[in-house]
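Hi everyone, thanks for coming.

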Amino acid sequence: MKNFITLVSGFLFVISIVSAEPKVLVIDWPVTQKLKSSMTVLSARSMPYPSGLIDKANAVHLPVYLPSAYAYQETLQMVGEGDFYTVTVPLSAATVFITGDRTYQQDSNAVTSVSTLAKELSFIRAEGMVSVDFNRHGANYTLSIECDQPDDDQRCTQTRFLQQVYADLVLIGGQP
Amino acid sequence: MTRLFIILGVFLLIGSCATRDIPEAEAVGEIGSIDAYLFGTPGKLSPSNSGMGRVGDHYIYAPNIRFPLEKAPAYINSQVYGVGGLHGPKGKGQCDARNYQYPWKDNYCETRSWKMPLCPGGKGHQGVDIRPASCNKDQHWAVAVEEGLITSVGRYTVYLRGKNTGTTYRYLHLNAKSLAVRIGQKVMRGQRLGLVSNNMGKAKTTIHLHFDMKQTLRFSDGSSAKVFVPPYSSLVDAYQRLLSGRN
Ligand SMILES: [Zn+2]
C-alpha cells in the first residue's frame, strides 16, 4: 500500500513539473489601493488621460504604472490584459516603454547560481538602451528607453533621464 | 481502503486532464546529447578570452519554441570576437566564411559592461547573436518563436510576449521598414516578424539577429525578479527540430 502511494505521488509530482502554464505571483493589493488613492491626488491635473486608457488599465490584474510626464500623451499605446501590460510612448527620436507582469516562469531552485544582483535596483545601459527592472507590490516591471542615436543621445548614453522618468511613475489603475 | 482508492483515482483523473494539452515531444529539463559538428557546448564561450558563460547549465528555459529564423542554416557565434568583430581577427570582415560555419558558439554572458545576474561574473551579454544563412541583410525572415502578442516595437527592437509561457522575447536589429507586425498584434508561432538586418538606429552593428529571453524567477522567500535567461539550449533544441522538419 505504501509503495502504491509513493508511486501515485511520484506520478502527480511529474505532472506538476510537466504542465507549462504561466504561474502567477501574489500582489499586495491593500498597499496598492492606499498608494493609488494618495497618488491620484498628487497627479490630479486638468487634462484627461487618453481615451480608453483607464478602462484598459483596470482590465489588468496588477498595479499599472505610467511615466507621469507622458501619461496624457495621445500617442501612447497600451496593450495587455490579465497578468501583464506594456505601454509604449513614442518621443522625439526615442521610445519609452514600461511593462508590468505578474507571472513567473521559474522557481529559483531550478536555476542555480543566480547573483543577488537580481534583487538590486540598477539602471543599466545595454544594447544601446537604458533600462531598469524593479519589483513593486509583488509584480515585476521593466522601464526602458531606446533611441534613434544610441551612441549620441544623452537619454540613451546616460542613466539620468530614465532615473527621472522612474522617479515620476504614477499609478493609474489595475484591479485584483 | 476502498475510499482511499477512490480518492487516488480522482487525483489521477485530475492529473491526466491537466496534462492533456501538452504535446508529446515537448522538451522538459536539460538538452540531451548534441551533435558536436553542429553545436558547441552550452555555456562554453569562444574564443576563450570572450568571457565566462554558464558552464554546466544545459537547462531548456523555453521548451518547445520555434527557431527564431524562418530557415536554416543559421549560425550562432560572436559578433564582437568573431572575424571582423571589434576584438576579433580582421579577416575579410563580418562576411568572412568563418563566421558562416558550424559549430555554433554560445555567446550568452560574453563580456559586456552591464549587470547580468545569471552570468558568472555578474556582467555579460543578455542574449545570443545569430547570423542568418548568408551575409546579406534584408533577406532572411525572423519569425515568432511562440504564439503571442507583439507588446512593443522600438527603434530597432521587437518585443514578443509568449501567450503560453509569459516569457518576453526580444528581436533586435530587424530592418524597421520590413516589419510585418505592429504593436498589439497577435501572432502565431512561426509568423514572420521582419527581415534580419544591421539596424541599430544611427549606430553601427553587424548583420545579425540579437535574440534574448526574459523570465521571472521566484525565490524561495516568495520574492521574485525578472532576468535574462540563457537562450542557447532552447535554440539548439529548436534548431534540431527545424532541421528534422518537426517544427
Ligand atoms: Zn547581442
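**Cavities, rings and a metal site**

Let's start with the lining of the largest cavity: by class, it has seven nonpolar, nine polar and six charged residues. Before I go on, please keep in mind that this is a predicted model.

The largest one has a volume of about 300 Å³. Its lining is made of 22 residues, and those nearest its centre are A:Thr142, A:Ser144, B:Tyr159, B:Arg170 and B:Lys214. Which strand gives the largest share of that lining? That's strand 9 of chain A, residues 129-136, with three residues.

The second largest cavity has a volume of about 40 Å³. Among the residues that line it are B:Pro42, B:Gly43, B:Arg54, B:Asp106 and B:Tyr232. Sorted by class, its lining comes to four nonpolar, two polar and three charged residues.

Okay, on to the rings. Over all chains, a search of the whole structure turns up 20 aromatic pairs. Let me pick one: A:Phe97 and B:Tyr159 form a tilted pair, 4.9 Å centre to centre, with 50 degrees between the planes. What I like here is that the pair crosses between chains, going from strand 5 of chain A (residues 94-101), where A:Phe97 sits, to strand 5 of chain B (residues 157-162), which holds B:Tyr159. Are these two buried or exposed? Both A:Phe97 and B:Tyr159 are buried.

B:Phe39 is in the loop between helix 1 (2-18) and strand 1 (75-76) of chain B, while B:Tyr239 is in helix 2 (residues 232-243) of chain B, so the pair ties together parts that are 200 residues apart in sequence. Both of these residues are buried as well.

They also belong to a cluster linked by ring pairs, whose members include B:Phe39, B:Tyr102, B:Trp104, B:Tyr232 and B:Tyr239.

A:Arg136 lies over the face of A:Tyr65, 4.7 Å from the ring centre. B:Arg161 lies over the face of A:Phe84, at 3.8 Å from the ring centre.

Next, the metal. Which residues are the protein donors of the zinc ion? They are B:His125 through NE2, B:Asp129 through OD and B:His210 through ND1, lying 2.1 Å from the ion. If you follow the sequence, the spacing of the donor residues reads H-x3-D-x80-H. B:Asp129 is in strand 2 of chain B (residues 128-131) and B:His210 is in strand 9 of chain B (residues 209-218), so to speak distant parts of the chain, 81 residues apart, that get linked. B:Asp129 and B:His210 are both buried.

Last stop: the backbone. Most residues other than glycine have a negative phi, and most peptide bonds are trans. With that in mind, look at the bond that joins B:Ala72 and B:Pro73: it's cis, with omega about 0 degrees. B:Pro73 is in the loop between helix 1 and strand 1 of chain B. Another cis peptide bond joins B:Tyr102 and B:Pro103, again with omega about 0 degrees. You'll remember B:Tyr102 from the ring cluster.

As for phi, B:Cys109 is not a glycine, yet its phi is positive, about 80 degrees. B:Cys109 lies in the loop between strand 1 and strand 2 of chain B. Its relative accessibility is 2%, and it counts as buried because the cut-off is under 20%. B:His173 also has a positive phi of about 80 degrees without being a glycine. You'll find B:His173 in the loop between strand 6 (168-172) and strand 7 (186-187) of chain B, and at 1% relative accessibility it counts as buried.

Notes:
Residues are numbered from 1 along each chain as its sequence is written. Chains are lettered from A and ligands numbered from 1 in the order in which they are written. This is a predicted model: local features need pLDDT of at least 70, side-chain atom pairs count only at pLDDT 80 or more; totals for chains, interfaces and linings use all residues. Side-chain values use heavy atoms; hydrogens and water are left out. Rings of Phe, Tyr and Trp (its six-membered ring) pair if their centres lie within 6.5 Å; planes under 30 degrees apart count as stacked, over 60 as edge-to-face and the rest as tilted. Helices (H or I, at least four residues) and strands (E, at least two) are DSSP runs, numbered from the N terminus. Buried means under 20% relative accessible area, exposed over 50%, partly exposed in between (1.4 Å probe, protein chains only). A charge sits over a ring if NZ of Lys or CZ of Arg is within 6 Å of the ring centre and within 35 degrees of the ring normal. On a 1 Å grid over the protein atoms alone, a cavity is a set of points where a 1.4 Å probe fits but cannot get out, and a pocket is an open set with protein on both sides within 12 Å along at least five of seven lines; lining residues have an atom within 4 Å of a point. Grid points are joined across faces, edges and corners, and a volume is the space filled by probe spheres set on the points. Ala, Val, Leu, Ile, Met, Phe, Trp, Tyr, Cys and Pro count as nonpolar, Asp, Glu, Lys and Arg as charged, and the others, Gly among them, as polar. Donors are N, O and S atoms within 2.8 Å of the metal (3.2 Å for Na, K and Ca); water is not among the atoms, so sites may look incomplete.
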